[in-house]
Amino acid sequence: MKPLYAQSQLRAMEQAHAHDGLMEKAGAAAARLASSLLLTVSGARILVLAGPGNNGGDALVAARYLRQQGYQVDVVFTGTYASLPPDARAAYEAWLADGGEIASGLPQGREWQLIVDGLFGIGLTRELDALHRDLVQQVNAMGVPVLSLDIPTGICMHTGRVLGAAVCAAHTLTFLGLKPGLYTQDGPDHAGQVYLDNLGLNAAPPAAGFLVDVPPALPARRRLNSHKGSHGSVGVIGGAEHMVGAVLLAGRAALRAGAGRVYCGLLAGSAPALDQGQAELMLRDAASVPQFATVMVAGPGMGQSDTAVSLLHSLLELSQLLILDADALNLLAAHPELQAILHQRKPGTLAITPHPGEAATLLHITTAEVQADRVASALRMAREFGAIVVLKGCGSVVALPDGRWFINHSGNPGMASAGMGDTLCGIIAALAAQEMSLEEAVLLAVYLHGAAADSLVAKGVGPVGMTASEVASEARALLNQWRYR
Ligand SMILES: NC(=O)C1=CN([C@@H]2O[C@H](COP(=O)(O)OP(=O)(O)OC[C@H]3O[C@@H](n4cnc5c(N)ncnc54)[C@H](O)[C@@H]3O)[C@@H](O)[C@H]2O)[C@@H](O)CC1
Ligand SMILES: Nc1ncnc2c1ncn2[C@@H]1O[C@H](COP(=O)(O)OP(=O)(O)O)[C@@H](O)[C@H]1O
Ligand SMILES: [K+]
């Protein structure tokens with residue numbers, strides 16, 4: 001896991017090292033990366049975009065180093081000299097003193113092999129104005145690789161949201177520490193490959209959150225002398241008429257992630273007595289399932305019938321570890337009396353896995369408002385529902401009631417297909433059944449789920465057409481590889 005920082009923490013780091021030449025180091029690092037990216041292009045021409053603040057200063061330093069290395073460098077500066085912050089002003093003067101020139105608009109009739117984006121960094125506080133929006137759109141239309149400094153211009157460092165328009169970079173060199181906006185929402189689509197340069201600062205403050213980019217804690221190795229009862233029992237309730245598959249997908253995923261036994265309770269009157277594709281699943285009357293299970297999942301395809309409400313009600317009052325998804329979340333949103341029970345539960349025994357639409361229903365806001373700040377939305381749900389929360393989507397956010405949060409770094413758009421969420425809750429339940437805490441199970445399951453999808457893409461199974469069942473099988477392969485090899 002890697003630390004993620006808030007703007008205030010990055011500012012404090014900058015201030016504590018105000019006399020350490022950080023901008024010079026940042027610009028030099030940018031020039032090094034730029035020239036390594038251009039290695040195969042001799043005599044390359046580089047466009048450097050410098051904005052009105054210190055991000056622009058970094059770019060001007062990089063421009064100077066690149067010019068000294070023999071590149072042809074065109075600088076476009078969008079600020080005003082008089083309002084530049086001191087370090088950036090010094091960088092501006094040094095560029096001119098070195099013989100560099102400054103243009104205020106894009107030079108015509110030139111072709112560049114690389115663009116360095118130093119328009120805005122972590123100081124972007126509002127939507128881009130018309131001038132910058134226009135420039136960003138022109139840059140994106142050029143089809144030239146872009147190296148963004150600190151964060152792609154136009155991306156909000158906290159939320160990953162596009163503020164009006166944003167640069168689509170192939171590479172982002174980020175300074176001092178990683179920013180959450182690089183890893184969730186629209187950040188990953190704009191940042192390309194991310195490189196971190198800590199500018200020589202080795203002591204960093206405590207993280208605001210964490211990026212989960214390696215497998216977190218794994219379940220213990222199995223004792224040779226173990227039996228099916230040693231690996232827990234998962235129960236899954238849901239599957240109203242026409243939605244039976246959701247429960248079967250969750251149950252099958254739980255088997256593949258190692259649960260000793262899996263029971264499924266289907267609400268549909270026409271439900272099968274056997275899963276023809278997975279005879280190991282034990283199909284029972286939904287109301288009876290909790291008595292067999294150490295960990296329960298409720299919600300996949302559950303519908304919102306009175307039966308569903310009363311099943312959920314009784315489940316919330318039981319002490320088992322519980323994972324709620326899909327319709328269970330919609331029911332929770334619609335029935336305040338169900339929410340009231342949540343706070344009587346033992347801490348750490350409930351997880352909820354909303355996608356942004358379900359999160360909006362739970363929080364009584366719009367999906368756009370949820371997405372405007374995914375970390376804040378996930379933390380709010382964690383607090384209000386006393387639950388471990390997975391806010392799914394690109395850069396899934398895991399938030400805990402005590403205020404800790406994580407952004408998951410695995411996964412890809414091949415996962416945007418029906419059944420993926422059912423698979424995720426089956427995996428969470430199976431890991432929790434194998435004696436992990438629910439918090440550990442959630443963190444591992446979210447990473448594993450995405451890593452399995454990434455592994456399938458690497459093998460050519462996706463992103464197009466990758467199925468949730470395939471992800472469950474690949475998750476099994478990875479879990480075995482991580483734990484036993
Ligand atoms: N100060 C330092 O010691 C260091 C700063 N660094 C760089 O400095 C950056 C942060 O610099 P700043 O705080 O100056 O911020 P930025 O350079 O990101 O931009 C801030 C400037 O843009 C203006 N602005 C914000 N939103 C705007 C909008 N939508 N339209 C038009 N103007 C807008 C602000 O009023 C301000 O003038 C970092 O991202 C990093 O690149 C690094 O060099 C590390 C060291
Ligand atoms: N673009 C994406 N990048 C990464 N993960 C994604 C992406 N799209 C979907 N996912 C993941 O796939 C799963 C989809 O869950 P959900 O929307 O509940 O699907 P369903 O209800 O159809 O099963 C979530 O874990 C989500 O994080
Ligand atoms: K930038």
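1. Let's start with the shell around ligand 2. By class, the residues there come out as nine polar, eight nonpolar and two charged. Keep in mind that this is a predicted model.

2. Which residues come nearest to ligand 2? Of the 19 around it, those are Lys392, Gly411, Met415, Met420 and Gly421. The largest share belongs to α14, with four residues.

3. Now the overall layout. The chain splits into domain 1, running over 2-207, and domain 2, running over 228-484. Taken over C-alpha atoms, the centres of domain 1 and domain 2 are 40 Å apart.

4. How many residues of each domain are in contact with the other? For domain 1 the count is 11, and they meet 10 residues of domain 2. On the domain 1 side of this contact, six residues are polar, four nonpolar and one charged.

5. A word on the annotation. The UniProt record, an unreviewed entry, puts "domain: YjeF N-terminal" on residues 5-207. In the model, that span of 5-207 is 35% helix and 16% strand, and its end C-alpha atoms lie 6 Å apart.

6. If you're setting up a view, I'd go for two places. One is the shell around ligand 2, with Lys392 and Met420 among the nearest residues.

Conventions:
Residues numbered from 1 in each chain as written. Chains lettered and ligands numbered in written order. Predicted model: local features only at pLDDT ≥ 70, side-chain atom pairs only at ≥ 80, totals over all residues. Domains from an automatic or database assignment. Contact = placed C-beta atoms within 7 Å. Nonpolar A, V, L, I, M, F, W, Y, C, P; charged D, E, K, R; others polar. UniProt positions renumbered as here; feature names shortened; annotations may be inferred. Helix = DSSP H or I, 4+ residues; strand = E, 2+ residues; numbered from the N terminus. Near = placed C-beta within 6 Å.
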